[in-house]
Amino acid sequence: MDVRQAIRGRRSVGAFSDRAVPRATVEELIEAATWAPTHHLTQPWRFTVLAGEARAALAEAIVAADPAAGVAKTAHAKLTRAPVCVVVGQHVPPDADPILEREDYAACACAVQNLLLAAQAAGLASKWSTGALAESAAAKRRLGLAPGDRIVAYVYLGYGLEPPGDGQREAPPVDWRGL
């Protein structure tokens with residue numbers, strides 16, 4: 001599959017089968033992610049791969065830390081929706097320059113996109129999720145991230161139960177100058 005096919009064919013999938021994803025495939029996806037652009041080669045990304053009981057264990061840690069939080073109601077369902085969840089974190093040094101921190105966040109987002117496209121090319125379904133789970137201090141602690149680090153994405157991986165729908169995009173506004 002060429003890159004344009006992967007870009008146009010990739011869709012977020014919400015329902016996954018229980019079919020296991022081979023570890024070697026996940027390793028290849030993470031390796032592809034690390035080829036994202038990164039200013040000054042900071043490579044700020046941190047990857048944690050959750051499968052099997054590790055998904056539920058993270059959900060339990062989040063719920064135990066704040067059972068009244070809105071995220072407590074959905075943590076288990078979200079974290080166990082797919083056979084594999086790759087949590088992409090961003091290392092943020094304590095003395096981080098705000099411009100470099102923003103560049104590093106963009107690099108992590110690019111790494112996530114590389115991972116999603118590589119998953120598409122490998123025949124896997126995926127979903128990039130953020131929301132309240134990404135803001136969970138308990139999740140960051142459980143994943144070994146520092147308090148100043150951030151969770152950029154929970155990437156759910158597996159085999160979709162249904163084929164993804166057709167995607168639609170409007171023509172973007174482009175201000176052509178000099179070309």
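Which helix holds both Glu27 and Arg23, and how many residues apart are they? Both lie in helix α2, residues 23-33, four residues apart, about one turn of the helix. Helices here are DSSP runs of H or I with at least four residues, strands are runs of E with at least two, and both are numbered from the N terminus.

Some ground rules. This is a predicted model, so local features need pLDDT of at least 70 and side-chain atom pairs count only at pLDDT 80 or more, while totals for chains, interfaces and linings use all residues. Residues are numbered from 1 along each chain as its sequence is written, and side-chain values use heavy atoms, with hydrogens and water left out.

Back to that pair. Glu27 and Arg23 form a salt bridge, with the closest N and O atoms 3.0 Å apart. The term requires a side-chain nitrogen of Lys or Arg within 4 Å of a carboxyl oxygen of Asp or Glu. Arg23 is exposed at 68% relative accessible area, and Glu27 is partly exposed at 44%. Buried means under 20%, exposed over 50%, and partly exposed in between, with a 1.4 Å probe and protein chains only.

The structure holds four salt bridges. Another one joins Arg150 and Glu101, at 3.1 Å from N to O. This pair links distant parts of the chain, with Arg150 in strand β4 and Glu101 in helix α5, 49 residues apart. Both ends are partly exposed, Arg150 at 29% and Glu101 at 22%. Asp2 also pairs with Arg4, at 3.5 Å between the closest N and O atoms. There, Asp2 is partly exposed at 33% and Arg4 is exposed at 53%.

Next, the pocket. The largest pocket has a volume of about 180 Å³. On a 1 Å grid over the protein atoms alone, a pocket is an open set of points where a 1.4 Å probe fits, with protein on both sides within 12 Å along at least five of seven lines; lining residues have an atom within 4 Å of a point. Points are joined across faces, edges and corners, and the volume is the space filled by probe spheres set on them. Helices α1 (3-9) and α5 (98-121) each supply at least two lining residues. The lining, which includes Ile7, Arg8, Gln113 and Leu117, divides into two nonpolar, three polar and four charged residues.

Last, Leu179. Leu179 sits in the segment after β4 (150-158) and is exposed, at 85% relative accessible area.

Note on methods: Ala, Val, Leu, Ile, Met, Phe, Trp, Tyr, Cys and Pro count as nonpolar, Asp, Glu, Lys and Arg as charged, and the others, Gly among them, as polar.
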